[in-house]
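I set out to record what can be looked up in this structure, one topic at a time. The entries below follow the order in which I worked.

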Amino acid sequence: MRWSQTLIPTLRETPQDAEIASHTWMLRAGLIRKLAAGLYTFLPVGLRALRNVEQIIRQEMDRAGALEVLMPALQPREIWETSGRLQTMRQVMFKVRDRQDRELVLGPTHEEVITELVAREIHSHRQLPRTFYQIQTKFRDEIRPRFGLMRAREFIMKDAYSFDPDEESLEQSYRAMYDAYTRIFDRCGLRVKIVEADTGAMGGNSSHEFMAIADAGEDGLVECDACSYAANLERAERARRPATVSSPGSSPTLVATPGARTIEEVSAFLHLPPSRLIKTLVYLADGKPVAALVAGDRDLNEVKFARALGCTELGMADPETIRHVSGAPVGFTGPVGLSIPLYADHGLEGASEMAVGANQPDGHLIHVALPRDAKPVGWFDLANARTGDPCPRCPKGTLREMRGIEVGHVFKLGVKYSEAFQAIFLDAHGRKNTIRMGCYGIGVTRTLQAIIEQCHDEEGILWPASVAPFHVALLPLAPDAKTLQIATHLENALQKAGLESLLDDRDERPGVKFKDADLLGCPVRIVIGERGLAAGKVEIRRRNSRESQMVPIEEAAARVEAFLS
């Protein structure tokens, strides 16, 4: 392809709305342009790279035996009512009405659609197992679209769904997709960490996330330094570690703490480290007030809390509810004498000489011991895991934190959707059974940006050859006919070798062409200059290297092919 025949609007300066490196390079290299918050147009070069990612995904899905389908993005609300997710996913749904005033949903995902289809079309064990997939646009009303394609309101996803007659078959389908994902991300040049994850609104009892490791990642995860355990922060457990404070001593004593509400303020006022304070956090669980107790230097994990409660909806209580249940304003709630159910983090079990809110304005209690002075319903893993915590799976390991970008997620759904939609089949004995399901998603547009987040330097993108929009940047430094003739000859030779090239035929200074070539990040650059041509040679340089080679013109295509093989 010739530069003059396409649209590559490169930028010299970093756009003001670029928040992370990959977002910056996608804008500066002319891959995408923003239309509105969370909405992006793919320009020709960006679309080429996106299609390469899609091709890898299709090849591996087909290799794993999945069948490609294409389902409607516009869905009737009734199927979401059937699954029970119209309410639980209402905050991320885009809804529209047709001319008959019927409400429809722009699909954030397709479990309901595919299960409704299978319930109508599959009735016998002879039709199972089956896995279906699609690559299609999804819509989610993100509360804060950001980071370019990472958190967008419209994005492209590969979603797959497996249907199996029993748990053993489901395990095989799950493993097939798990292995396919491993191959996909390896072929895309991504370094991923596979971690245990929470199933969330998707449902089911088991899931794994594929996390592209990156400092700019939105998601936190931990891994053990001694075994293979790894999990995202929503799911990450930590082994029980007994409280290290002294044995219970004095009875709780009221101390005036005027205006000290936050952990930092109370810690400074009482001259106690945050670890000696207990946060009492009041929530509404399915509309009923409950309290979580965690150490002052810990953060409550709401996903773990909801799991311990077994509730459907969980949210922080409003100030009026907190005052009603505790008798005090926000910042002074404590567990002693609190009449609502208390759920304590297991790190507090046996803790004494603690400070807590006194359930009265401007007051805290010291010398508090658990469970002597407040009796929780039970002890649960409620806090976020962090660096230094003991591993829950091995006796010697400790956890360490890192950041990642979720690029893939696989779930064992079981019968959550098949029961709701009555997806039933007859087994070999003519008995009715419920189909077992799994679902498997890859954020295609997010994967593209994650590749750039991992593969860039201070000059621009460093594309892996498998997804690069072009394998080679051809840079003729002079606009004369002879130089362009040699460039065209190389373009044809590369094409015969199955390599895509971008020929920069612009009448621009060499420096401009070099900078733009680095921005675009083609794996190999061929420079066709006057001095080299005088010796019958061209200069070849890999994008990830500062070293170049002078190669005879007739050997250039073969040399590039060897570089990329």
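**Entry 1: Salt bridges**

I counted 47 salt bridges in this predicted model. I then looked up several of them by name.

Arg175 and Asp179 join their side chains in a salt bridge, at 3.5 Å from N to O. I asked why these two are separated by about one helical turn. The reason is that Arg175 and Asp179 are 4 residues apart in helix 6. I noted Arg175 as partly exposed, at 38% relative accessibility. Asp179 is also noted as partly exposed, with a relative accessible area of 30%.

Glu142 and Arg151 form a salt bridge through their side chains, at 3.4 Å from N to O. Is Glu142 buried or exposed? Its relative accessible area is 18%, and the cut-off for buried is under 20%, so Glu142 counts as buried.

For Asp427 and Arg431, I found the closest N and O atoms of the salt bridge 3.1 Å apart. Asp427 is buried, at 15% relative accessibility.

I also recorded a network of salt bridges that links Arg77, Glu81, Arg97, Asp101 and Glu103.

**Entry 2: Nonpolar cores**

Which residues touch the most other members of the largest nonpolar core? I found that they are Leu31, Met61, Tyr181, Ile184 and Trp463, in a core of 64 residues. Helix 6 (residues 167-187) supplies the largest share of this core, with 8 residues. Domain 1 (13-216 + 404-452) and domain 3 (472-564) each contribute at least three residues to it.

Leaving aside residues up to four places away in sequence, its contacts include Leu31, Ala49, Leu448, Pro469 and Cys522.

A second, separate core has 25 residues, among them Trp80, Ile114, Ala119 and Phe163.

**Entry 3: A sheet and its helices**

I traced an open sheet of 5 strands in the order 28-27-29-30-31, with mixed pairing. Strand 28 (501-503) and strand 31 (548-552) each have a single partner strand, so one side of each is left without a neighbour in the sheet. From one strand to the next, the twist averages 25 degrees.

Helix 12 (residues 481-496) lies across strands 27, 28, 29 and 30, and runs at about 165 degrees to strand 27.

How values were computed:
Residues numbered from 1 in each chain as written. Predicted model: local features only at pLDDT ≥ 70, side-chain atom pairs only at ≥ 80, totals over all residues. Heavy atoms only, no water. Pairing = 2+ DSSP bridges. Axes fitted to C-alpha atoms, helices over the stretch in contact; angles between N-to-C directions. Contact = heavy atoms within 4.5 Å. Core = buried A, V, L, I, M, F, W, Y, C linked by side-chain atoms within 4.5 Å. Buried < 20%, exposed > 50% of the residue type's maximum accessible area, 1.4 Å probe, protein only. Domains from an automatic or database assignment. Salt bridge = Lys/Arg side-chain N within 4 Å of Asp/Glu carboxyl O.
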